[in-house]
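Please look at the sequence and the structure first.

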Amino acid sequence: MMINKRLISICDESKKYMGLTILCSWIGIICNIIIVLLIGQLINVMVAGQTLNLTSGSLWTAMSDYMLTKHVSLTMGIIIIVIALIVKLVSHHLYGTFSYKSSANARATLRRLVYEKLLRLGMDYQKSEKTSGVVQLSIEGVEQLEIYFGKYIPQFFYSLLAPLTLFVVISFISWQAALVFMLCVPLIPVSIIAIMKVAKRILKEYWNNYANLGDTFLENLQGLTTLKVYGQDDQKHIEMNEEAEAFRRITMKVLSMQLNSINIMDLIAFGGSALGTIVALYQFKNGNLQVGDLIVIILLSSEFFIPLRLLGSYFHIAMNGMAASDRIFALLDTEEEVVKSPKVIPASDQLNIKVENVNFSYDGQRQVLKDISLDLTPGGLTAIVGESGSGKSTMAALLLAQKKVNHGQITLNGVRLSDIAPEELYRHVSLVSAHSHIFKGTLRDNLLMANPAATMEEIEQALKTARLYEFVTSLPNGLETEVAENGSSLSGGQKQRLALARVILANRQAIIFDEATSNIDVESEEAIWDAIYDLSETKTIMVISHRLSSVKRAKMIHVFKLGELVESGTHEALMSQDEVYAHMVSEQQQLESIREVR
Ligand SMILES: Nc1ncnc2c1ncn2[C@@H]1O[C@H](COP(=O)(O)OP(=O)(O)OP(=O)(O)O)[C@@H](O)[C@H]1O
């Protein structure tokens with residue numbers, strides 16, 4: 001029950017610490033038993049009439065002569081009690097240490113596994129989880145499992161071990177009372193299982209409500225400006241209040257379920273303890289039990305039930321842990337697309353990319369790309385243009401192996417893309433998109449991530465090519481200037497030029513620019529286009545752009561329409577053809593002249 005073998009076997013290191021945690025708890029109860037037995041025996045001998053003989057000498061000798069059992073004197077008894085108390089204290093302290101180590105180990109192992117899996121999956125992780133889900137899983141989910149490893153599992157085994165140990169000890173005093181205790185113990189797990197059945201349903205509802213509330217909150221927060229602009233914030237406020245109220249209700253339900261379950265377990269624990277004590281009292285009344293033994297049974301009776309009772313109060317943690325582990329395993333089990341016998345791209349000054357009769361569909365039904373064939377070579381720019389939704393970004397995704405072609409093939413210097421491992425591909429091909437990520441850190445950090453060994457000259461050259469050199473040198477801290485998360489302290493144009501400088505430093509043979517100049521200032525846009533044309537002299541460059549005027553100088557323009565490659569040629573050739581491209585150009589010119597008049 002609530003023990004996931006796979007989970008435990010994954011966190012192998014934790015096993016050792018869990019074992020030690022259980023051992024510490026068990027040593028603690030052994031110490032308790034020893035102390036209680038000695039006190040019980042002292043009461044027995046006192047009731048039997050043994051007194052301290054202080055007349056013959058010192059208190060120490062009197063105590064040493066006062067025999068609790070055949071071999072144990074009062075002095076020895078006190079020393080044993082003190083030692084037992086110290087051992088108990090030490091084991092309690094060690095319990096905390098081992099419990100922490102076990103959970104810290106589990107946390108580190110699980111986070112590492114999730115992280116490594118995400119790296120191997122690359123873009124494919126979205127098959128099994130949304131980005132927010134992955135974040136939630138690797139932080140909250142793993143934390144749930146931390147408690148599962150550090151507290152629940154050790155408690156689970158300890159709550160089996162403790163009643164067995166006590167049963168053995170008490171059966172030497174009164175097997176009847178021991179038997180009654182032992183028979184009552186399983187009632188707690190039985191009640192836990194019964195409660196769990198109800199709890200599962202309530203907890204599922206609780207997590208759904210929790211996730212929905214979180215999603216709504218995040219969405220409304222991110223879209224707050226839009227909501228304000230359209231005057232929808234009040235309506236959303238009301239909707240969120242309703243969701244929050246639903247969440248409050250289900251939370252109260254969970255809390256009352258937990259309280260009720262604790263009450264039921266208390267009833268069983270105290271009831272069982274009382275029942276065993278009644279049996280012992282009855283034996284005492286009949287003269288079959290000494291008063292000291294009766295006290296031993298009364299004092300130890302609660303210990304019988306406390307571990308299981310505590311386990312019961314951990315069960316909701318275990319349930320959350322189980323739910324989290326299911327999701328972690330779903331992620332870990334996601335199939336990876338491994339390249340079986342990876343090939344390397346033959347070294348050459350040029351990288352020639354060939355796209356041959358490529359078809360692609362996201363859902364297996366609607367063809368997004370149909371029979372596309374094109375060549376990408378250095379010595380000038382290759383551009384892909386087309387209406388929105390015509391499949392341009394999908395083409396880029398296929399070239400970067402983020403998606404697999406359904407039919408046809410893509411080759412790099414003659415090697416099929418499907419035979420190239422991702423690391424090998426990214427050593428040759430890079431991407432600059434409209435949303436290039438700039439990380440928190442210094443400008444230098446962001447640049448060096450592309451090439452940690454880059455020299456100062458190379459960095460300066462890259463900045464100059466990206467038309468960013470003047471800006472960086474004008475900053476008081478230059479390259480050491482701190483950038484906020486996602487480059488939010490930079491303008492859109494500066495961010496894109498930084499991304500461009502980074503890709504130049506990376507010095508890949510091919511670069512794909514996917515709308516790299518959209519939504520940025522004219523100055524940055526021109527600077528980036530100049531840099532792209534410069535790069536295209538020696539590198540294989542493909543650009544996707546809405547701005548047709550920017551691709552005029554391209555050596556080859558491919559025009560996409562509804563997933564098909566409908567025209568190819570230079571700007572002049574396509575203009576004289578006077579078809580799709582020429583119409584797009586004139587439409588764009590009209591739009592731009594209207595904007596200018598306004
Ligand atoms: N992840 C996806 N799942 C399903 N369909 C998708 C997905 N991404 C894109 N599509 C669909 O594929 C088609 C081509 O999209 P794509 O993004 O390649 O077009 P695009 O030419 O780059 O458009 P835009 O210029 O607006 O960026 C569109 O019809 C789009 O709805």
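The model is predicted: local features need pLDDT of at least 70, side-chain atom pairs count only at pLDDT 80 or more, and totals for chains, interfaces and linings use all residues. Residues are numbered from 1 along each chain as its sequence is written.

Around the ligand stand Tyr362, Val368, Gly386, Ser388, Gly389, Ser390, Gly391, Lys392, Ser393 and Thr394; a residue counts as near a molecule if its C-beta atom, placed from the backbone, lies within 6 Å of it. Helix α11 (residues 392-399) gives the largest share of this shell, 3 residues. Helices (H or I, at least four residues) and strands (E, at least two) are DSSP runs, numbered from the N terminus.

Most residues other than glycine have a negative phi.

| Residue | Phi | Loop between |
|---|---|---|
| Asparagine 413 | about 45° | β4 (407-412) and β5 (415-416) |

Asparagine 413 is partly exposed because it has 16 C-beta neighbours inside 10 Å. Arginine 467 is also partly exposed, with 19 other C-beta atoms within 10 Å. A residue is buried at 20 or more such atoms, exposed at 12 or fewer, and partly exposed in between, with C-beta atoms placed from the backbone.

An unreviewed UniProt entry places the feature "transmembrane region" at several spans, including residues 20-43 and 179-199. Such annotations may be inferred rather than shown by experiment; positions follow the numbering used here and feature names are shortened. Residues 20-43 are 100% helix and 0% strand, with end C-alpha atoms 35 Å apart. Residues 179-199 are 90% helix and 0% strand, and their end C-alpha atoms lie 31 Å apart.
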